[in-house]
Amino acid sequence: MAIQLLPPRLANQIAAGEVVERPASVVKELLENSLDAGATKIELDIEKGGHKRIRLRDNGAGIVKDELELALSRHATSKIATLNDLDRILSLGFRGEALASISSVSRLVLTSKPVAQEQAWQACCEGREMSVVVSPAAHPDGTTIDVADLFYNTPARRKFLRTEKTEFQHIEDVVKRIALSHPHVTCVLRHNGKPVKRFPGVSQDNYPQRIAAVVGQRFIDNAVYIAIEHQGMKIQAWLGNENAMRSSTDCQFSFVNGRGMRDKLILHAIRQAYESVLGVLEQPSFVFYFDIDPYEVDVNVHPAKHEVRFQQSRLVHDFICKAVCDALAPEHSDFAEKARP
Ligand code: ADP
Ligand code: MG
């Protein structure tokens, strides 16, 4: 076969294979976009575990009419402009792929109204070339993204979808992570028209109140609290004690620079600390915030940004492990404290 350029929709569908694994991945990308747009209120409506519809409405900055088409194109982003920007990523997104990928495997409609624009406009993609059609719409300040019939045109992917219940659990998990990383944002989650979760925004740094809302008051009441800074690294964490051990990993939340992830190195360091102090076999529960200079960490490792790479991974691992050890075994500790903030 002769070499030929793939039509845009097909190219985007191939890229979607990496980013859009299931409905929860769509929810994650859309939530991250809303947060990057400075939204303080986000409402999510899910139908049939996200198989049928995922609709997100935010009150963020919006997208001007002339940029709607770009927002849906691949490799178009407002978040980085040069290679140097990649070294210092402060936004959650930067690859400019999510909307193009999602819209290539669903029926996506993007509606937006920036405050300074009088009228709202909406855009969707059509056909092999993914040509964008823009038309006037009614919408308050902010953005709505409506994603219907996910994977309708990619049966191979659709086959891998689990039950409505399982897919919705994954969505809930994503929403919890976002709720924990952004306490000041109000998040509302509905499934098949029924309210499931409502996390009212609390003041910017009121993590305990938000953690109580997401994980439970009992967890926070019994957790050991640590706050430590060392060589430009910062930990703020709530560590479940022996009574809070669980048989699954459903209460393990870790964040790197405000980005929720299951980073292997961090999880390993925390587990190792628990094991050395408590000799546990079951799963510890924790909510763990780790901050480090963005120069020291590469987030461009995985298209869905599930992993990061630390420049000084040994240093990070040992710092985390020691901090958790000292907090769990305060009798040997020099800097852990059990007091809550
Ligand atoms: P990325 O987030 O990597 O830039 P996306 O495909 O997710 O790429 O989004 C493309 C662009 O569309 C963003 O850079 C942003 O400018 C704009 N955008 C997407 N979602 C929103 C939103 N909810 N509010 C405002 N702008 C948005
Ligand atoms: Mg994005």
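I began with a cut-off: a residue is buried if 20 or more other C-beta atoms lie within 10 Å of its own, exposed if 12 or fewer, and partly exposed in between. The model I am reading is predicted.

**Entry: two loop residues**

Lys 48 has 14 C-beta neighbours inside 10 Å, so Lys 48 counts as partly exposed. I found Lys 48 in the loop between strand S1 (41–47) and strand S2 (53–58). I then looked up its backbone. Lys 48 has a positive phi of about 50 degrees, although it is not a glycine. I noted the background: most residues other than glycine have a negative phi.

Asp 149 was my next stop. Asp 149 sits in the loop between strand S6 (142–148) and helix H5 (155–158). Its phi is positive too, about 50 degrees, and Asp 149 is not a glycine. I counted 14 other C-beta atoms within 10 Å, so Asp 149 is partly exposed.

**Entry: domains**

I looked up how the chain is divided. Domain 1 covers 8–199 and domain 2 covers 216–332. Their centres, taken over C-alpha atoms, are 29 Å apart. The contact takes 14 residues from domain 1 and 12 residues from domain 2. On the domain 1 side, the elements giving two or more residues are helix H1 (8–19) and helix H6 (164–181). H6 gives the largest share of that side, four residues. By class, the domain 1 side has seven nonpolar, two polar and five charged residues.

**Entry: helix H1**

I checked the length of H1. At 1.5 Å a residue, its 12 residues should span 16 Å, and the end C-alpha atoms are 16 Å apart, so the two agree. Which residues of H1 are buried? I listed Arg 9, Asn 12, Gln 13, Ala 15, Ala 16 and Val 19. What covers them includes H2 and H4. I kept a rule in mind here: an α-helix has 3.6 residues a turn, so residues three or four places apart point the same way.

**Entry: helix H2**

I moved on to H2. H2 has 14 residues and reaches 20 Å from its first C-alpha to its last, close to the 20 Å expected. How many of its 14 residues are buried? I got 12, so by the cut-off H2 is mostly covered. Among the buried residues are Pro 23, Val 26, Val 27, Lys 28, Glu 29 and Asn 33. The buried residues of H2 pack against H1, S1, S2, H4, S6 and H6. Just after H2, I found Gly 38 with a positive phi of about 80 degrees.

**Entry: Ile 54**

I picked Ile 54, in strand S2. Ile 54 has 25 C-beta neighbours inside 10 Å, so Ile 54 counts as buried. Beyond its neighbours within four places in sequence, Ile 54 is in contact with Pro 23, Val 26, Val 27, Ile 46 and Val 147. Pro 23, Val 26 and Val 27 are buried residues of H2. I also took one distance.

**Entry: ligand 1**

I asked what surrounds ligand 1. There are 22 residues, and the closest are Asn 33, Ala 37, Thr 77, Gly 93 and Ala 98. Helix H2 (23–36) and helix H4 (98–104) are the elements that give two or more residues to this shell. By class, the shell has eight nonpolar, nine polar and five charged residues. Asn 33 of H2 is buried.

**Entry: largest nonpolar core**

In soluble globular proteins, nonpolar side chains tend to be buried together. I looked for the largest nonpolar core and found 86 residues in it. Leu 239 and Phe 288 touch the most other members. Helix H10 (residues 313–328) gives the most to this core, eight residues. The core draws at least three residues from each of domain 1 and domain 2.

Leaving aside neighbours within four places in sequence, Phe 288 is in contact with Ala 237, Phe 253, Ser 254, Phe 255, Ile 266 and Ile 270.

**Entry: Phe 286**

Phe 286 lies in strand S13 (residues 286–291). I counted 23 C-beta neighbours inside 10 Å, so Phe 286 counts as buried. Leaving aside neighbours within four places in sequence, its contacts are Ala 237, Trp 238, Leu 239, Gly 240, Gln 252 and Ile 270.

Note on methods
Residues are numbered from 1 along each chain as its sequence is written. Chains are lettered from A and ligands numbered from 1 in the order in which they are written. This is a predicted model: local features need pLDDT of at least 70, side-chain atom pairs count only at pLDDT 80 or more; totals for chains, interfaces and linings use all residues. Domain bounds come from an automatic or database domain assignment. Two residues are in contact if their C-beta atoms, placed from the backbone, lie within 7 Å. Ala, Val, Leu, Ile, Met, Phe, Trp, Tyr, Cys and Pro count as nonpolar, Asp, Glu, Lys and Arg as charged, and the others, Gly among them, as polar. A nonpolar core is a set of buried Ala, Val, Leu, Ile, Met, Phe, Trp, Tyr and Cys residues joined through C-beta atoms within 7 Å. A residue is near a molecule or strand if its C-beta atom, placed from the backbone, lies within 6 Å of it. The expected span of a helix is 1.5 Å times one less than its number of residues.
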